[in-house]
Amino acid sequence: MQLALCTESATRVQRSSLLSAAWGLPCAALALSLLSHPTQGAQTAVAQMEVLPLRGAISLYDKACVRCHGPGGSFYGSELGKGKTAAQLRKMVWEMCIAQGGLTVSQREIDAMTAYHRSIMKSEPFVEVIAITAKSITGEATPGTTVQLETRGRLAPVSIIENRWIATLDTSKPITIIATLNGKTCRLPVGLGKFTLHQP
Ligand code: HEC
């Protein structure tokens, strides 16, 4: 296993601040619309609070692990997880989160981070749902993944920036995510906090 060079993490930081700037735009638009509709402001603010996104596994990895294990786990090499049972891999991820990563993590987050590692081992797409509102759904996916959302036989348009995707659609109907990377396709029925490769 190689360790990350400092320059690598510096580039990452720059790129992620650009990314947050891009995601800041819709928030600015929302703030403006709140100002122009003072009577509805309080209600909208409450709705906005209810849809605070969960912390996605890829964001957590990029925050706490990328400096040693590389973008997308590129420094792990082919030995990642070799000889480890599913439970041992999960334990390793958990310990790394707490010790080297300095994170406080929930059981769900450990499961999602373990699944993300499984996707790296299998070169399969990792997809996670981190927020759902009445009209939109947001999540994370391995960069380079083609993400499609299927609802009642139709595909909804999806915008992707790096590892973040968002789709605008009626979320009261059943939705399935179809994710393709390296010629491998995963399907995930939509639910808040759900992710692919939950099982080995
Ligand atoms: C300060 C550097 C550092 C950071 C940060 C770090 N790790 Fe590690 N990690 C290591 C080293 C060194 C090893 C190999 C030695 C060992 O097995 O204990 C390792 C091993 C691992 C392994 C086993 C790899 C294999 O080949 O099976 C996993 C999984 C792992 N780390 C996950 C993580 C996760 C998840 C995070 C973030 C929460 C993280 N690490 C953060 C240094 C780091």
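These entries record what I looked up in a predicted model of a protein chain with a ligand.

**Conventions.** I number residues from 1 along each chain as its sequence is written. For this predicted model, local features need pLDDT of at least 70 and side-chain atom pairs count only at pLDDT 80 or more, while totals for chains, interfaces and linings use all residues.

**Fold.** I looked up the elements and found six helices and eight strands in the protein chain; helices (H or I, at least four residues) and strands (E, at least two) are DSSP runs, numbered from the N terminus. From the N terminus on, they run α-α-α-α-α-α-β-β-β-β-β-β-β-β.

**Burial.** I noted that 28% of the 200 residues count as buried, that is, 20 or more other C-beta atoms, placed from the backbone, lie within 10 Å of the residue's own.

**Core.** I then looked up the largest nonpolar core, which has 31 residues; such a core is a set of buried Ala, Val, Leu, Ile, Met, Phe, Trp, Tyr and Cys residues joined through C-beta atoms within 7 Å. Helix H6 gives the most to this core, with five residues. Tyr61, Met113 and Tyr116 are among those with the most contacts inside the core. Leaving aside neighbours within four places in sequence, Tyr61 is in contact (C-beta atoms, placed from the backbone, within 7 Å) with Val66, Met113 and Tyr116.

**Ligand shell.** I found 20 residues around the ligand, of which Cys65, Cys68, Met96, Gln100 and Gly101 come nearest; a residue counts as near if its C-beta atom, placed from the backbone, lies within 6 Å. Helices H4 (66-69), H5 (86-98) and H6 (107-122) each give two or more residues to this shell. The largest share, four residues, comes from H5.

Methods. A residue is buried if 20 or more other C-beta atoms lie within 10 Å of its own, exposed if 12 or fewer, and partly exposed in between; C-beta atoms are placed from the backbone. Two residues are in contact if their C-beta atoms, placed from the backbone, lie within 7 Å.
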